[in-house]
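Subject: Handing over a structure, with notes

Dear colleague,

I am passing a structure on to you, and its sequence and coordinates follow directly below. Please look through them before you read my notes, which come after.

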Amino acid sequence: MAASLGMKRRTLFAAGIGLLAAPVILRATASAAVSGEQSNMNAMALPEINQFKLGSFKIVAIRDGSNVLDKPFETFGTNQDPEVVRKLLGDNFLPAEKFVNSYAPALIDTGSDVVLVDTGFGAAGRERGLGKLQDSLKAAGYSADDVTVVALTHMHGDHIGGLMENGAPAFKNARYVAGQAEYDFWSSKAREGTPAEGGHKAVLSNVVPLAEKTTFIKEGDSIVSGVTAMLAPGHTPGHMIFHAESDGKRIVFAGDTANHYILSLLYPEWEVRFDMDKAQAAASRKKVFDMIATDKFAFLGYHMPFPAVGFAVKEGTGYRFVPKTYQFDI
């Protein structure tokens with residue numbers, strides 16, 4: 001079975017070289033009717049994937065869904081005057097009162113392993129037009145059974161919700177990789193009766209049942225050959241990022257180190273509502289994106305505009321996001 005799966009992946013990759021001459025985006029109309037802007041967005045772009053090469057690796061960015069949220073100044077730049085946030089949005093041709101949040105798990109096909117980085121919302125998001133990972137895997141030519149490793153940047157619900165389906169593991173052939181500090185925090189009974197209790201319950205439902213198949217890692221540990229972990233805490237206590245390198249080319253899966261391509265990158269010191277330790281999160285943003293900008297690595301940010309992949313260029317005290325186009329394909 002393992003040999004046939006590997007053969008299937010190699011055949012898909014070889015057959016797809018011509019297809020990969022330009023980024024691949026597949027779209028399907030959402031069948032479920034939901035209200036307002038959410039319905040309009042889902043009708044436009046779900047499921048959606050973007051495939052490209054990184055050396056001998058194949059990367060698939062997957063859009064688990066998107067939603068439109070109100071009052072960006074209540075989420076980003078919470079230590080700033082709301083008018084300052086509104087002005088920055090307007091200066092960058094963005095609405096001041098609403099923002100789009102999208103969610104991008106990703107697949108790394110190394111040829112010997114298929115690594116899924118984060119799992120989206122799963123069934124819990126489907127009634128809201130989210131949780132599209134499984135459909136998008138199929139659109140990319142994979143099934144859940146092809147996934148050999150699931151690596152978690154952290155344990156917020158939009159990253160772990162897809163681990164289980166109908167009470168059973170969604171990726172039955174996979175082993176799992178997660179940060180030791182992250183798991184210890186969220187699985188602890190000390191979270192009961194605190195603002196983190198909801199996250200604790202989600203981890204008990206989605207992560208703890210898989211603990212026996214999970215390798216708990218720390219800074220510098222290897223996930224598979226060519227993919228290593230780096231600690232970037234603050235958003236959560238054990239938030240991690242992953243470096244994938246093949247044939248001298250590298251991409252960083254940055255998770256939630258930065259959550260908005262303007263508000264979090266241009267001003268990395270601005271506080272974000274969902275960062276648990278805001279000062280530590282700001283320090284991690286600066287450290288990670290200074291590395292990305294200095295070394296000119298590509299990165300995938302889980303909440304960046306889909307396909308969520310690009311580069312960071314130093315600008316003032318922050319960074320300017322440059323989305324990817326065709327540089328991976330020629």
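How many helices and strands are there in the chain? There are 9 helices and 18 strands, where helices (H or I, at least four residues) and strands (E, at least two) are DSSP runs numbered from the N terminus.

Before the details, a word on how to read them. This is a predicted model, in which local features need pLDDT of at least 70 and side-chain atom pairs count only at pLDDT 80 or more, whereas totals for chains, interfaces and linings use all residues. Residues are numbered from 1 along each chain as its sequence is written, and side-chain values use heavy atoms, with hydrogens and water left out.

The chain as a whole

Of the 330 residues in the chain, 52% are buried; here buried means under 20% relative accessible area, exposed means over 50%, and partly exposed is in between (1.4 Å probe, protein chains only). The chain exposes about 14000 Å², of which carbon and sulfur atoms supply 56%, with accessible areas taken from the Shrake-Rupley method with a 1.4 Å probe and, for residues, only the protein chains shown counting as cover. Among contacts (heavy atoms within 4.5 Å) with a separation of 6 or more, 67% are between residues 24 or more positions apart.

Helix α3 and what surrounds it

Helix α3 covers residues 82-91, and its buried residues are Val 85, Leu 88 and Leu 89. Seen down the axis of α3, these buried residues fall within an arc of 100°, so they line one face of the helix; the arc is that of the directions from the helix axis to the C-beta atoms. At the start of α3, a side-chain oxygen of Asp 81 comes to within 2.8 Å of the backbone nitrogen of Glu 83.

The structure holds 14 salt bridges, a salt bridge being a side-chain nitrogen of Lys or Arg within 4 Å of a carboxyl oxygen of Asp or Glu. One of them joins the side chains of Glu 83 and Arg 86 (2.6 Å, N to O), and both residues lie in α3, 3 residues apart, about one turn of the helix. Glu 83 is partly exposed, with a relative accessible area of 49%, and Glu 83, Arg 86 and Glu 97 are linked in a network of salt bridges. Another salt bridge connects Asp 91 with Lys 87, where the closest N and O atoms are 2.8 Å apart; these two residues also lie in α3, 4 residues apart. Asp 91 counts as partly exposed at 46% relative accessibility, while Lys 87 counts as exposed at 53%. As background, an α-helix has 3.6 residues a turn, so residues three or four places apart point the same way.

Backbone features

Most residues other than glycine have a negative phi, and most peptide bonds are trans. The peptide bond from Phe 306 to Pro 307 is cis, with omega near 15°, and Pro 307 is placed in the loop between β16 (298-301) and β17 (309-315).

In helix α7 (residues 180-187), the buried residues are Glu 182, Tyr 183, Phe 185 and Trp 186. Seen down the axis of α7, they fall within an arc of 165°, so they line one face of the helix, and they pack against β10 (175-179), α8 (197-206) and β11 (214-217).

Leaving aside residues up to four places away in sequence, Asn 259 touches Phe 76, His 235, Ser 264, Val 272, Asp 275, His 303 and Met 304.

Methods
A polar contact is a pair of N or O atoms within 3.5 Å; within protein, one must be able to donate a hydrogen and the other to accept it, and residues adjacent in sequence count only if both atoms are side-chain atoms.
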